[in-house]
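Have a look around first, then read on.

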Amino acid sequence: MKKLSILFTAMLALMVVSCNKPKEAAAPAEEPKQVEKTVSVTMVTDVGGVNDQSFNQSAWEGLQKAKADFGIDVSYKESKQNADYAPNMEIALDSDNDLIWGIGFMMADAIMEAAQNNPDQKYAIIDNAYENTPENVVGVVFEAEQCSYLVGYIAGRMTQTGKVGFIGGIEFFLIQEFEYGFKAGVKQAGADIEVLSQYAESFSDAAKGKSIANSMYQQGADIIFHAAGGVGNGLIEAAKEQGKWAIGVDRDQSSLAPENVLTSAMKRVDNGIYNLSKDLADGKFPGGKTVSYGLAENGVGIAPTSSKHVPADILAEVEKLEEMIIDGAFVVPNTAETVEAYTPVEL
Amino acid sequence: MNNYDSNQIVVDMKGITQKFGTLVANDNVDLTVHRGEVHALLGENGAGKTTLVNSLYGLYHPTSGEIFINGEKVIMDDPNVAIQHGIGMVHQHFMLVKPFTVVENIILGLETHKHGVLDMKKAKDQVIALSERYGLTIDPDACIQDITVGMQQRVEILKALYRGADILILDEPTAVLTPQEILDLIQIIDNLTKQGKTIIIITHKLKEITDVADFCTIIRRGKKIDTVRVADVSEADLASKMVGREVSFKVEKSKAAPSDIVLEIKDLHVKDNRDIPALRGLKLTVRKGEILGIAGVDGNGQNELEEVLIGVRKAESGSMTVNGTDLLGKSPREILDHKVSTIPQDRQKRGLVMDYSVAENIILENYKKEPFSKKGWLNFEAIRNYARKLVTEFDIRPNDEDYRAGSLSGGNQQKVIIAREISNNPDLLIAVQPTRGLDVGAIEYVHKALIAQRDKGKAVLLISFELDEVINVSDRIGVIYEGQIVGELKAEGADENEIGLMMAGGGKK
Amino acid sequence: MSEKKKLTDSPVWITMISISFGLIFGAIILLIIGYNPLTAFTVILKGIFSKPKYISWTVIYATPIILTGLSVAFAFKTGLFNIGAEGQYIVGAITAALAGYFISLPPILHIPLVLILSIGAGAFWGSISGYLKAKYEVNEVISTIMLNWVALYLNNFIVLHDKVKREGSEATNKVLDSAQLIFANTWKTSEAGISWRKVHPFFGDILRTPANGGFLIAVGAAIVVLIILNKTTLGYSLKAVGINREAAEFGGINVPSNIVSAMAISGGLAGLAGAVQVLGFTREASALAASEGYGFEGITVALIGANNPIGCVLAGLLYGAMKYGGSKIQPAIGAPYEIISIIMGMIVLFISMPKLIKTLKLKKKEDK
């Protein structure tokens, strides 16, 4: 009891202090900002949060790298509910940032609305190309079909069963590019390899990802690629349990299951964020445009850890394909028709 | 009993005062008990008896005052301290683990063990030795749920003795016993005191005090009124000291004038919650202008009978008519609408909404009727006016219809229920254990109210576990045993022993 | 009731103490993980009060949880534990999104119609649990939790249906203008609106947010609940069943039908919460990976508000303020947003331990 009463008194004392002090304590913290005028960039995550093992996390890594390399101020704000996007845009606006990032196409509406209301504020969005991009907005998209093509080729070369799988998030063009790139890559490896394909209609339902993966493995697929955000965590879990291969997406997902993640189709959101933030700092903000990053710009690629499980000869072939794409020797298909029309190239 | 040693004081409580906020539950109370003595604590409900023994048992920490055990001053801040000083308590509601056996319950918390393994053999031997020494017959291997209430009480006493108790506190020990079991208990108390144990017994039944106690301390409104040698006083003396005025024990009533049948139950079969038959072909009738008393030990179907009468339990078969209308299987609402009112057994659980005010409780059965409400809107003015009228008429104290029902004393809670039920102007009034836990003054009030209803020509069905009450209040008595009326007799000149025998299943059919 | 109670014994006091304790606890956690609690609380306070639009956002955040709080509190008052406000909210929200898009009516009819349909949907969802309890004695805690999941997946099934889904999104189409509750929604972005907003900085700032009529609806609902509970025979019987089911049954009150009614009203309030959120703010219902938590936050609100309707409005505002203002510590000082959940959790914990607070108080008195 005595201890409790001491604790109580301590709490009271602390309460008094915390009630009285804040004004003086806070004032000096804000001043230096105005003096130095460092470029400051903030990002608002979608509901995945900053530790989503996927593009939100990758985006934050990009910002941190930018901070380390050329000293800009960076911060982030997580969205917990869909209803948080709009207020979070306001919060980002109020904290005087030079550029506000929206991470993910789910924030397209919120960014557009904010950009229209605040024409003097610069915005950028990952994974979204507006039809009419306002002058103060940049859309950043990635040529996802290119990296998908490369992992598709690896999957096609390495499958034992002649069957591979693809799990998509929600079915629309942005994700379909992964699917078609992947299918084209598989086709490059062997025309008779079957690709099972299914959409989870979600980007976060890991349980659903796991059940789709399990059923694909049951149908004989031994390698499954996903482009489904958090849904993919379920796939990787299933791969681990069944001792099969999974191919990660967005980031190098090897760390999630080092023995079961064959490779990852990396969408270098971090590079995208880093590059554009650098442009901003250099005063070259490409407002009103959609910027596309592909293999050539280091915007997409396969994971550096691929060499762990993928034999060197296959990797050499992948490298060759990569060069051909960069050189423009052929265009990677990104629609159902172009995949249909695709004929494997000579290596 | 006269087994005490007047030179040896074992318990000496001096100037005990216990305050709860502004309420003074004990006000400078002294209590002196000698070795081998049976000392009764007598008082009305809420007088402060239980508070006093709770201080002795370490459950409450007195605001002021001192406690000496065998001459040594002890700070009783925990029941464990009390147990260490040889004090044991048998609560009114037994604290037993029902699926455990008798021995398991007795040794609970003090298990004998050999290298960490429970040594049941040794424990059982010890328990049997104890029970033989004090004449406490038990079946050591039976489960608590399968034995009688009387045996459960013996288990509780053994539990205290097993923990080395020399001073036993018994809180209302006879409330749940049959007349025969009460005799057994008296014998047990005699055995215990002969072997030097000291007994403090809490009760508000005067007869028990004259039967077993050597001394009696009377407490009224938290204050000690007197300590008397029981041999020197009469029951009437004790009662007037307890209540503070003269009390009449004999229920005054004129001869009954029964006429038409109101309630008629035929061949009623009902199962209890465990799906075991509780009523097996019960049959009874109650007429206008008479009180039928149902005598019996708790657990012989009274509870199920009450529930069927109210309409909350389904019957298997049989019939139950009120004024010729079959009401078996009807909802409580329909039964109420057929002019049947009930004073339920458990006033706190079934009679009152404790967090509601007196006024809100008074309209519980009629809140949907005008003038208390109109088209779904409550009319508080009408409710209050009506409640105020009843509060005055039935002398509910405090005289405040906005008072929270749960804060009233037991007697006044019962008055609220009686006011509500009687003001319904029923043809049939059912009263189940209407005086349970009430003090002498309140009991007198309830009995008079029941008789007044009879005299108005109502039919009254009284179900009670108190044999005295049934004999005193009723005009006819039906004895219930294992779900049947095993005997019926006139109340006037009824022989308590004969009824007691029937209640225990020993009567003629 | 006639006993005069000291201020320090009243539930309001205990709530105030609990809130202080919760904040202090949050401060200690912040200190431990290396952030200055004073700076954090300053950010929070400024983030709530320093601009008109912040206050508006706070109210917007508070609106749905006031209503789910009322829902849970109403159930508590009638002796039921409605953990299903979450599911009832979802059902109400999807109903509002559908009725707000597929039905076309003038606003004067459209808004009430959508609200009524959503209340009805929530009430239906709640009454399932009520019926199961009344008829088969299924514990409402279990059935409401299960129904939360059913509501979640039903919502996703409907949202992702081809005819409902908005192209390239995980959400429904936006509700029509005739159904939305946002103040001056089209006018404020028009030329006239923009210039008016420049001249009137205070209201202009508020109009930057989707300030809407939802809060007024929530306050109205609180008043209606207050009236139902205290002035009507329905409230009388519901409370009687809640306090003492057996006594109510013995007194001739139809207990099963009261349980169903109580759950229906509770569910209707949660359904209204969903409708208000959709019509007043999001204008769409989204596919959900997991519960958004409005119903669970309602439990917190009800507990802090001591199950009193007015208390729920205040507690909802507190929670809304903490949710909105509290989230600002993340970009400002990099402290985790979760601290707010910890603080709210601790407040509830302290509120549910009034004995501890009383003991501390007593001890303090004795020490003197």
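The notes below go from the chains down to helices and strands.

## Before you start

This is a predicted model, in which local features need pLDDT of at least 70, side-chain atom pairs count only at pLDDT 80 or more, and totals for chains, interfaces and linings use all residues. Residues are numbered from 1 along each chain as its sequence is written, while chains are lettered from A and ligands numbered from 1 in the order in which they are written.

## Who touches whom

Two pairs of chains are in contact, and chains A and C share the most contacts. Here, "in contact" is said of two residues whose C-beta atoms, placed from the backbone, lie within 7 Å. Chains A and B have no contact joining them, and their closest C-alpha atoms lie 14 Å apart.

What about C and B? There, 18 residues of chain C are in contact with 27 residues of chain B. On the chain C side, the elements that give two or more residues are helix 10 (233-243) and helix 11 (245-250). Helices are DSSP runs of H or I with at least four residues, strands are runs of E with at least two, and both are numbered from the N terminus. That side of chain C has eight nonpolar, seven polar and three charged residues. Nonpolar covers Ala, Val, Leu, Ile, Met, Phe, Trp, Tyr, Cys and Pro; charged covers Asp, Glu, Lys and Arg; the others, Gly among them, are polar.

## Two helices in chain C

Now find helix 3 (residues 52-77) and helix 9 (residues 214-231) of chain C: their axes come within 8 Å and cross at roughly 15 degrees. The axes are lines fitted to C-alpha atoms, for helices over the stretch in contact, with angles from 0 to 180 degrees between N-to-C directions. Helix 3 and helix 9 of chain C are therefore roughly parallel to each other (angles under 35 degrees count as roughly parallel).

Among the residues making this contact are C:Leu67 and C:Phe74 of helix 3 and C:Ala218 and C:Val225 of helix 9. By class, the residues of the contact are eleven nonpolar, two polar and one charged.

## A sheet in chain A

Chain A has an open sheet of six strands in the order 7-6-8-9-10-12, with mixed pairing. Strands pair if DSSP finds at least two bridges between them. At the edges sit strand 7 (194-199) and strand 12 (300-302), each pairing on one side only.

Inside the sheet, strand 9 (residues 245-250) and strand 10 (residues 261-267) of chain A pair in the parallel sense over five bridges. Which residue of strand 10 is the bridge partner of A:Ile247? That partner is A:Thr263.

How values were computed. Angles under 35 degrees count as roughly parallel, over 145 as roughly antiparallel, 65 to 115 as roughly perpendicular and the rest as oblique.
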